[in-house]
Structures are given as C-alpha cells and as structure tokens.
Amino acid sequence: MKHIIIGGVAGGATAAARIRRNDEHAEIIMLEKNEYISYANCGLPYYIGDVITERNKLLLQTPDSFRKRYNVDVRPKNKVIGIDAEKKEVTIRKEDGSEYVELFDKLLISTGAKPIIPHFEGVGLPGVFTLRNVNDTDEIKNYIETQQAKNVVIIGAGFIGLEMAENFHNVGLHVSIVEKSKQVNHALDFSMASILHEQLTEKGVDLFLDNEVLSITKTPSGLHVNLKDERTLATDMVLFAIGVKPNMKLAEQFKIKIGEAGGIWVDAHMQTSFPDVYAVGDAVEFPHPLTGKPWLNYMANPANRQAIIAADNMVYGNTVTYEGAIGTIIAKVFDRVSAATGLNAKKLTQLGIPYRSAYTHGFSHSGYYPGATPLSIKIIFDPKSGKLYGGQIVGMKGVDKRIDQLSLIIKMGGTIDDLTKLEQAYAPPFSSAKDPIAIAGYVAKNMITGKMPTVYWHDMDQANRNEITLLDVRTPGEFELGSMPGAMNIPLDQLRSRMGEIPKDKPIYVYCASGMRGYLSQQILLQNGFSIVYNLTGGDKTYKFATQPVILPDEKESGEKRNGKC
C-alpha cells in the first residue's frame, strides 16, 4: 500500500507516524513545500518573546530524524502542483523547478491555513509581518534585533495577537493593538473579554478598539499606520494577526468538494468527495456537534485527532469516525489566562438559539490557603433543559483544568446538573470543597428553576432608575469605594432589621460584589413580602468589568474617556 501525504506539521506528520505504526510495510511519502516538516507552531510567539530561548526546541522532528524513526520518505521543498484523483497521481515540483509524478493508493491532504492579509496600501512594506511558520518567526526576531525596533502595531486581537502583545512586551517593545470590533478575543463574550482590556491597559498596551487600519505608509523614521478615526500611529513594525483561512488552492484547482464554510468537505471518516483521498487539519470543515452546522476549527488538538482517524481509515478501511470539535481554546495574556469552549452568546444569538448565562467569581483554590487568585466564570446553557452550550473562564491559576471539565461535559452532551456532580480532587492548595465549577452549576440551576430571578449587567444600565429600587447589600466600606448611581446601601447582615426602608411598590434589583450576598438577600426579601426581586448575576465585579471605559493614549492626559461597552 502506497500512501502520499501532502503537508507536514500537526496533521500530516501525525498521520504519517500513525500509518507507520499501523503498517510496518507500507510505502509512505510525505511532501512538504517548506523546509520544516514538524514544529511547535503554538510555541513560536514564546521564542520571539525570549521565553523559549533555544530555537531547536521548536523543531519537534527534522526530515532526517523523522525518516530514521518512522521509515517515511520525507521530501521537504517538494510542492504538489497537481492532483488527479481518478488516475490516483500527484504532480510535484522540486526546489530546482523540475517536476515529476507519483502514483498513490491513498492520499492525505493536510495543507493547513494561511494568514488573512487585507487589501490596502502598505501591506508589503519592509517591517510588516505575519506569523504562521518558522521562517516568519526568524524574520520577525531578526528584524527586532537588527532594526532595534521599539514600537509595534498589532492588527487584530485574537489569540495570536494577544499572545504576541505579551511577547513583544517581554522584549521591550511598546505595543499598540488595533481591533475592528469592540473587544479583544472573539472567543469570549464582551463581558469576559473586558477583564482582559483591564489587564492589557495595566501593562501599557494601547488598545484601539472599534477601529480599523486604512493604510500603512513608509516614512523616513519608520512606518505610519493610518486608522479609520483619523489617528496615525508611528511605529517600527506591524504584525497582521487578523486570523487565518484554509489553504484551498489545491482543492479548488482539482475539483475536490468545498463545503459551505469554505473548507474541504470531509465525511465522518475524514474522506473527501473522492474515494481514497482524505483531508485533515486547518483546511477542512466539519459539523459542530452542538449545531450540526459545518465550521472551521484552527486548533492543533482536533488536527491531531483527525490525523489519527484518517490514518486508521487509510490503512484498515473506513472503520473509525470523527465526532467533531466544539472549539476549546486557551491563551496566556500577561498575568491572566483566558479560555473558552463550546458556543458563546454571540454565536447562539446569531443562530437564533435561546440561552441563558450565569456569571460567578471565585478563587483558584481555598481562599484561606495562601496564593488564591480570582477566577471569573461564565457558563451558557439552554433555559429549559439546562444543556450546557459553552463556558468561558478568565483567571490566573486553575483556568485550564476547569475549562477542560466544561469541555468534556459539553462534548458529552451534558447539562448544568453534571457540573454539580463532578467529583474533583480537593485539598486547600488545589481547589475548594465547593469547586467554582460546581458553584456555577448550582447558580444556573437556581436560574432555571426560578428560585433566583436574575438580571444581567446590561439590564442595570437600561433600567429606569425611577421605576426600580437599586439595592446594594455590600458593606458600608465597599459602598463608599464606589457604587452604582442611585443605589441604596443596606448590608446583608442588617437586611432583616431594615426591610422597612425598602419600598414594596417597585421591582428591586439587588447586587453585591459577586452575586452570593445578592442571592441571600433576594431570598430574605422574597420570603418577607417582597414579590419582585432580581439578583445581578456576577454582581458588581461583572458590571464594572463590562462597563469600564477603554482610555485611548491621547486621552490619558486630558482624562477624557471612550465608552467601550457592547
């Protein structure tokens, strides 16, 4: 059996190794148009930022080491320029320009994705970069060192843009981020992303949100990035981090079916529209398990799983099926870690799927044990069945294990009740007896059953303060440090003796710092003759994060503020 694999890195290299483990006698040819066939793509930003100091650690396998270990005919700098699926042959161009043809029994396409480059003036100027592979990394690192760069503008605020903001900062560059939407990190909803806004500005990163780049021009002193709001940012270098799109040139040219999301269509066996031709990784689309609609998922974990499934099917026949990916992602942004899994509120709204959300704020482990750090959680669920649709977490420690728990429950079709049933390892240095994930489940359950009527942070802004009673049940000290306009302060522990001060002819919106004291106060009031009482989910913490203004650099001196809420 002769297998040809187009492309290396996560998909192609994993499939080649798996095929060899399945069949010691198969002929395997791996064709890669670039020099590197297996490298740590996700580690590239940290090499630029000098967190990873040894370049060789990024190279997981060289062509020679891969050949020796897996007995694979690895051919770097060999570009596939033609596929004839019916004749089962591929046409390949070598580095010297000569061409040749190889026949195959099974073919795997793992051509990956390419950066999105907008069409405006200046995208090809020296000092303007994308980051996708080792060569890009070398060019960026060399430019910083040889040009003694001091300033960088990052266009786009997704995960790569945010990781690069930290790593550019690590090597002494002043960082500005220009983002078309009103928030960073599109995997998060605005209320959660706003926690990162605070972190980025604290670290000196200038955020130009709800803005666009119109052009880049060269000047004697460097580059000018010209924005939609007529600002001009003077900089030494620019990084495009807008996102990526599937590398579809081969598939489109040779009539392989393209799906409605714009990726290579594959069935559950990872087989394309042609028999014996398979595809994996960033180039493919596949139905989302929660929506059934095809989507593009540019993550290494699903690419590796797809490659293993495709390899098994190429060797043994189509016996293994792929379940799909829900999109679980995590990134370090300076001192914060942000993670998301499943569907966010924006996507559910777009799809017309009803949902509710619960916000909770806890700690990474028991508060009385030293070193506990804040952990903000948002879960999204069906308002009737409680089926879990998505989760988002921002914190400093413990984010990874909680997002993985949410991911597993979502992927298994679980509900908010399953969050309360999780049996987590507990000791004070690692968690709390009531883990933050379990608390999120209990809060959501109270919302569904009607035990805790709820309002959201944006409801507080939209409410007519003359028609409601806004009740702050925090301590007097907390209240004095800042409260919502028009709020009256009756601390929780004084509430039973001071209920006579609260009007009964208006709905009551009660809030505390994070939601727990608000819930206790709500139950007291509901059981003492107050009929309409709502608790603010996530409390004042969520409200402050979501409504805090993003201050632009030229407004810091004047004190003017720009409202960044959505």
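Three strands make up an open sheet in the order β20-β22-β23, with mixed pairing; two strands pair if DSSP finds at least two bridges between them. Strands are DSSP runs of E with at least two residues, helices are runs of H or I with at least four, and both are numbered from the N terminus. At the edges stand β20 (264–265) and β23 (294–296), each with a single partner strand, so one side of each has no neighbour in the sheet. Strand β22 (residues 284–287) runs antiparallel to β23 and is joined to it by three bridges. Pro287 stands opposite Pro294 in β23.

The model is predicted: local features need pLDDT of at least 70, side-chain atom pairs count only at pLDDT 80 or more, and totals for chains, interfaces and linings use all residues. Residues are numbered from 1 along each chain as its sequence is written, and side-chain values use heavy atoms, with hydrogens and water left out. The predictor's confidence in each residue is its pLDDT, from 0 to 100. The chain has a mean pLDDT of 94, and 98% of its residues reach 70 or more. Over residues 558–566 pLDDT stays under 50, and for this stretch the model has 23 contacts beyond four places in sequence; contact means heavy atoms within 4.5 Å.

Another open sheet has five strands, in the order β29-β33-β32-β30-β31, and its pairing is parallel. Its edge strands, β29 (454–455) and β31 (488–489), each pair on one side only. Within this sheet, strand β32 (residues 508–511) and strand β33 (residues 533–536) pair in the parallel sense over three bridges. Tyr509 has Tyr534 in β33 as its bridge partner. Helix α15 (residues 516–526) lies across β30 (469–472), β32 and β33, running at about 175° to β33.

Next come two pairs of helices. Axes are lines fitted to C-alpha atoms, for helices over the stretch in contact, and angles run from 0 to 180 degrees between N-to-C directions. Helix α6 (residues 190–202) and helix α16 (residues 539–547) have axes that come within 8 Å and cross at roughly 70°. That makes α6 roughly perpendicular to α16, a term for angles of 65 to 115 degrees; under 35 counts as roughly parallel, over 145 as roughly antiparallel, and the rest as oblique. Phe190, Ser191, Ser194, Ile195 and Glu198 of α6 make the contact with Thr542, Phe545 and Ala546 of α16.

The axes of helix α1 (residues 9–22) and helix α8 (residues 300–316) also come within 8 Å, crossing at roughly 40°. These two helices, α1 and α8, are therefore oblique to each other. Among the residues that meet are Ala10, Gly11 and Thr14 in α1 and Ala303, Asn304 and Ala307 in α8.
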